[in-house]
Amino acid sequence: MFNRKFPNTQMRRLRSVPWVRDLVAEHGLQASDLIYPMFVREKDSPREIKTLPGVYRHTEEELLKTCEEAINLGIQAVALFPYIEASLKDAHGKMAIEGDNLMCRMIQLIKENFGSELGIVADVALDPYTSHGHDGVIKSHRVDNIETTEMLVKQALVQAQAGADIIAPSDMMDGRIGVIRSLLDQEGFEHVILMSYAAKYASAFYGPFRDAVGAGSPGSFLGAPLDKKTYQM
């Protein structure tokens, strides 16, 4: 009978050299498994993100350079997040559904320069676009799920039309995945992938990201202070 105890069984044999470790590894992490998040901006918008040291918002020229660096590293997809100028924001976040907005132009730019070499994940949420910093349309002092979802569907469509490969809603509204999928299919974008990738938290730990997209702290509406606890984790 074979003795499965030491020294007959020595698991270190499978850890002896790199190629053996690679062969028997249960899990592996490669550059091709990663998605590179990139914050985009207009030329005159601030580049530095003070709460995320070493992370910057990119103009068109900077974005192309960073995308090229990502490809050279073996990264095959980028996720875009916009920083919108305050003058372009309103209570409904209408800039989010404009086909020539910052996100759509950046998506088109990447596709024109890199084609299928680099996948594009487009964030869908209204907080970068609203003057009050919330992820949706406010009615009667609360974020209205139905009206917000109607905006998100339109936002997803213009991003798909611009060339996004993956639409990634991070808004935390109920039901938006189903209606976005239905509209994209109806409009001929069956090939566009949906990735509900995020759970947003009503937490101070989320502050640096809100700063990066210019959402900041949620403001007040008609004099009533609001937080995000009614729709975020």
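Analyst: A pocket is an open set of points on a 1 Å grid over the protein atoms alone, where a 1.4 Å probe fits, with protein on both sides within 12 Å along at least five of seven lines; lining residues have an atom within 4 Å of a point. Its volume is the space filled by probe spheres on points joined across faces, edges and corners. The model is predicted, with pLDDT of at least 70 required for local features and 80 or more for side-chain atom pairs, while totals for chains, interfaces and linings use all residues. Residues are numbered from 1 along each chain as its sequence is written, and side-chain values use heavy atoms, without hydrogens and water.

The largest pocket holds about 170 Å³ of space. Its lining consists of Tyr36, Pro37, Met38, Phe39, Arg47, Gly54, Val55, Tyr56, His58 and Thr66. Strand 1, residues 36-40, supplies the largest share of that lining, with four residues; strands (E, at least two residues) and helices (H or I, at least four) are DSSP runs numbered from the N terminus. By class, the lining has six nonpolar residues, three polar and one charged. Here Ala, Val, Leu, Ile, Met, Phe, Trp, Tyr, Cys and Pro are nonpolar, Asp, Glu, Lys and Arg charged, and the others, Gly among them, polar.

Helix 2 covers residues 60-72 and includes Leu64. Apart from neighbours within four places in sequence, Leu64 touches Leu109, Asn113 and Phe114, contact meaning heavy atoms within 4.5 Å. Between the C-alpha atoms of Leu64 and Val17, which are 47 residues apart along the chain, the separation is 39 Å.

The Leu64 contacts belong to the meeting of helix 2 with helix 3, in which Glu60, Leu63, Leu64, Cys67, Glu68 and Ile71 face Arg105, Met106, Leu109, Ile110, Asn113 and Phe114. Axes are lines fitted to C-alpha atoms over the stretch in contact, with angles from 0 to 180 degrees between N-to-C directions.

Helix 4 in turn meets helix 5 (residues 176-186), with axes within 9 Å and a crossing at roughly 40°. Helix 4 and helix 5 are therefore oblique, and helix 4 passes helix 5 in a right-handed crossing. Thr149, Leu152, Val153, Ala156, Leu157 and Ala160 in helix 4 touch Arg176, Val179, Ile180, Leu183 and Leu184 in helix 5. The classes here are nine nonpolar, one polar and one charged.

Notes
Parallel < 35°, antiparallel > 145°, perpendicular 65-115°, else oblique. Left-handed = near helix turned anticlockwise from the far one by under 90°.
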